[in-house]
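Here's a quick briefing to read with the model open. Have the chains coloured separately if you can.

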Amino acid sequence: MKKTLILKLLLTIVIIAMASIYLPEFYWKTFPHRYYLPRVAYSPILNDLLITKGDFKKARILDLNGNSYSSKEYEALVPQTAFAQLVFIGQLPDTVNGVHFTVPELRKNLFRINFEPAEIDAIQFLMYPLIESKPNRASLSFPHEFFCIKREFQVVDSRTNLVLDNMSSRYSLALIDRGFKFPAKEMFGNPTTRKPFDEGYFVIDNEDKFYHIKRIEDEPFVRKINLPDGVKVVHMVVAERDLREFYGFFVTEDNRLFMIENNTYNLVELPISDYNYKTSLLSINADILYRRVIIINDNKISVLILDRNYKVITTFKDSVTHKDETTVGQVASFIFPFTLQFTSVNSQYINLYPSINGFNFIIVNIILSGLFLLFLIIRKFDIKSSILPIAIILVTGIYGVIAVSVLRDFKKKNSTGVSNE
Amino acid sequence: MKNAVVQVKNLTHHYGSRLIFENLNFQINQGSIFGLLGKNGTGKTTTINILNGFLEPTSGKCLVFDEDSYKLSPKTKSRVGFLIEGHIQYSFMNIKQIEKYYSGFYPNWKKEAYWELLRKLQVTETQKISKMSCGQRSQIALGLLLAQNPDLLILDDFSMGLDAGYRRLFIDYLTDYIHAEGKTVFITSHIIQDLEDLLDDCVIIDYKSVLMTMPIRDFMSKFKHFRCILENPPSSINKDEIIKNIEIIKNKTSIYTFADEATLLQHLEKLGLKHSGVQQVKMSLEDAFIGLTGKY
Amino acid sequence: MLKSLIYKEWLKVRWTFIGLALINFFVIISICVSLANAFSMVDASKIYADTAAMQGLFYFDFRYIPLISGLLLGIVQFYPEINSSRIKLTLHLPMKESKSLMSMQLFGIGALVLIFLVDAIILLNFSSKYFPSEIVDGITITILPWILSGLVIYIFVTIVFVEPSWSRRVIIGFTGLAFVDVYHLGTIFGGTIYTYSRSWWMFVLFLFLISPLILWSGNNYKRGVK
């Protein structure tokens, strides 16, 4: 008796788990929802923000005073990013705000750096290529040596699959010399040769200290980066750009954003708010005049416009209707008591990601268990012995209905047997 | 009271809301051959399934060697031999393999019993069961049962699909086995004529009800068939305590009863039926069965 | 008794087992050959870089092999049992019903594990000739869920086959498909790559949760639920 109860509960759990994964997934695939957040630009001509609202079919471009602009007018107002089109129609200004506009300079200054949660909680590379940063050739070449930093700095030759002991110990010693504590917690870099130059890797050691490591003329280069007190690096985007203004940007455990200046290793903090590295999308959009930092949390956008010295010019915040507040979302919150997922948009790791969305579902659960009770009464089943299925439906709602319909564990009154249908 | 091998008490079964039978009661004593007779769809296989623990009855009890048939212990199961309707066995095995397979389960396995039977068949040791005729398969199933040497044999419609020769062969071996040492047999069959000399006791069931339970000898001697001619026969006569079944064709009437002739005649007069030419007719078991259950 | 039961299971599945083993080893060998070819033709560092990032570039051919193996073995082993209700013969044996059902299922799991273990040993040994242990570990995490999914589908086939009610079979069948899908989230072509490296143990554990459910459908069979 006890054994069958365990089996029934086991089956109930399996069915409810699968239903709570695939029913909501199927629902949201049928009624997809995407946010059309405003796109924000800063015009050096108006010295003001320009907001593009609506989806791509019927976008409206407005300034903060409510004046609207055509897309052609808009392009003339943001020459620092729309320069390609302006060159094409021959209307690129020579200078804007005292900055000389030439296409190569504009292009060199135009880039974007993204911080996405799934890239922060991401699969680590298993081995990294140890790229020579000062090659005696015109371009970078892909090395045969791959490394990882575990108990020591270990270099493997990909041609022979053998550990290069000499090289490994040279790099290990260089690290130990600078106070590095093995193993490395995380490494950041661009393990590719499709970049103008190589700045190697930025590494968090086992004591959360931050190091810059590269291979220069086949010798280890190690530099410890001084972090402000209490700052723990969570993720860094290394950007080897011809601009050579910085090595890259990093975010910290307390959701701050820093830039590491090229050569000096000075840290510059960008005064962001509303950021959570586990869930927010952050992008740094650079052009010759400004740095736009855009932070998106689901239906909310927060924009920071900085000048080239990383001083705040202005900020902007806006939001659209949240997914859960739409009709489709409201219906979902009533019918799905909870949702189970094995994958998350915020991580590359497969794991259990349960979520619960309000308590509207209680109403539907009560209705469903009421209907079930009615069914039991009409079919003259014994209510007392059906307490468990009623409880299952009450707690797990629509998922429980599926489980109970499989278990079919209802008894007729005054009988030892089981209904067999 | 004799040793009861099987006790069925107030057994009732429903499939959903459909009643199969209600309050079935019988007992099978050690050493007897017990028949469960009934037309198709009256619950013969349902009873067999309950007896073998393949069905939980809606209510009532079914004990096999004093254990609840739904929860038979392995030890008791080894004392019960079971022939599935249609002589089903593992058809992917050959004759040798299947003997080897079953011998591992039963410590008192009588290998010779199996091979004695199988030698009579025109098959080689490595012939797959799936490539045999129905009659040959019945011999394998029987051979395995005889080798298992169970105390209780449950045979679900052994005559199904067998021609007269194999049916007779089956019965011969069965009789031999039963007379050996206090074995008990439970049989269902839809071909009654085979069972006449075989059965000791029987239950006859009809849709939803039990028609009678008694030793077969009593049944054959007490259950009678009288033919007579009724003057002005009414369109229908109700069955009652005395008239178990009645068939009227024009004015020729067949009456089936457990009562003796005098009682019957008295009864007919009470009902105001004028009759002539009363005459008892000898019946086989099959005749009696049909007499009791009706032709429809 | 157990020996006899295993004998019966072996008679049922032997040709399928041998066939599946051959298919598995054929796929494994062909992966090894293409790996060797790749190392002889392409610069090793390129393969390192790709494999380090993708965790198992050469092994996609293997992805559905365990799944197919589990499905086929389950069908071949359990179809003869439910055909003409032969399972009654098994349940009537002088053994506890739960023991005979579990033994049958464990036999199948054992047969599959045997094949998959040989697969994995060949594949990982061969890989470690070319790749350092870090990459081989990554490959292991990539192929492990595929292998487990073969066992999952096998277990669900056994549950569905023993279960007597068709409506239940359908729902449990769908649950099984959903369950199998959970083991194939690793690589979505053209999308994000996900890894099981933090949760693989959970997916091993799931096997132990679903395996005994065959006793539940066995119980339904015994109760005569139709």
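**Contacts, helix packing and cores**

In chain B, 10 residues of domain 1 are in contact with six residues of domain 2. Keep in mind that this is a predicted model.

- The domain assignment puts domain 1 of chain B at 4-218 and domain 2 of chain B at 223-293.
- Take the C-alpha centres of these two domains of chain B and you'll find them 35 Å apart.
- On the domain 1 side of that contact in chain B, the elements giving two or more residues are β9 (201-206) and β10 (209-215).

**Where chain C meets chain A**

- Here 42 residues of chain C are in contact with 36 residues of chain A.
- The top contributor to the chain C side is α2(C), with seven residues.
- Sort the chain C side by class and you get 25 nonpolar, 10 polar and seven charged residues.

**A helix pair in chain A**

- Helix α8 (residues 361-378) of chain A packs against helix α9 (residues 387-407) of chain A at an angle of about 105 degrees, and their axes are 8 Å apart.
- Because of that angle, α8(A) counts as roughly perpendicular to α9(A).
- From α8(A), the contact uses F361(A), V364(A), N365(A), L368(A), S369(A), F372(A) and L373(A).
- From α9(A), the partners are I390(A), I393(A), L394(A), G397(A), I398(A) and V401(A).
- By class, this α8(A) to α9(A) contact has 10 nonpolar and three polar residues, with no charged ones.

**The nonpolar cores**

- The largest nonpolar core holds 147 residues, and those with the most contacts inside it are I15(A), M127(A), V203(A), A403(A), V152(C) and F156(C).
- α6(C) supplies the largest share of this core, 17 residues.
- Zoom in on V203(A): leaving out residues up to four places away in sequence, V203(A) touches I149(A), A184(A), M187(A), Y211(A) and I213(A).
- There's also a second, separate core of 72 residues, with I95(B), L195(B), C202(B) and L285(B) among them.

Definitions and conventions:
Residues are numbered from 1 along each chain as its sequence is written. Chains are lettered from A and ligands numbered from 1 in the order in which they are written. This is a predicted model: local features need pLDDT of at least 70, side-chain atom pairs count only at pLDDT 80 or more; totals for chains, interfaces and linings use all residues. Domain bounds come from an automatic or database domain assignment. Two residues are in contact if their C-beta atoms, placed from the backbone, lie within 7 Å. Helices (H or I, at least four residues) and strands (E, at least two) are DSSP runs, numbered from the N terminus. Ala, Val, Leu, Ile, Met, Phe, Trp, Tyr, Cys and Pro count as nonpolar, Asp, Glu, Lys and Arg as charged, and the others, Gly among them, as polar. Axes are lines fitted to C-alpha atoms, for helices over the stretch in contact, and angles run from 0 to 180 degrees between N-to-C directions. Angles under 35 degrees count as roughly parallel, over 145 as roughly antiparallel, 65 to 115 as roughly perpendicular and the rest as oblique. A nonpolar core is a set of buried Ala, Val, Leu, Ile, Met, Phe, Trp, Tyr and Cys residues joined through C-beta atoms within 7 Å. A residue is buried if 20 or more other C-beta atoms lie within 10 Å of its own, exposed if 12 or fewer, and partly exposed in between; C-beta atoms are placed from the backbone.
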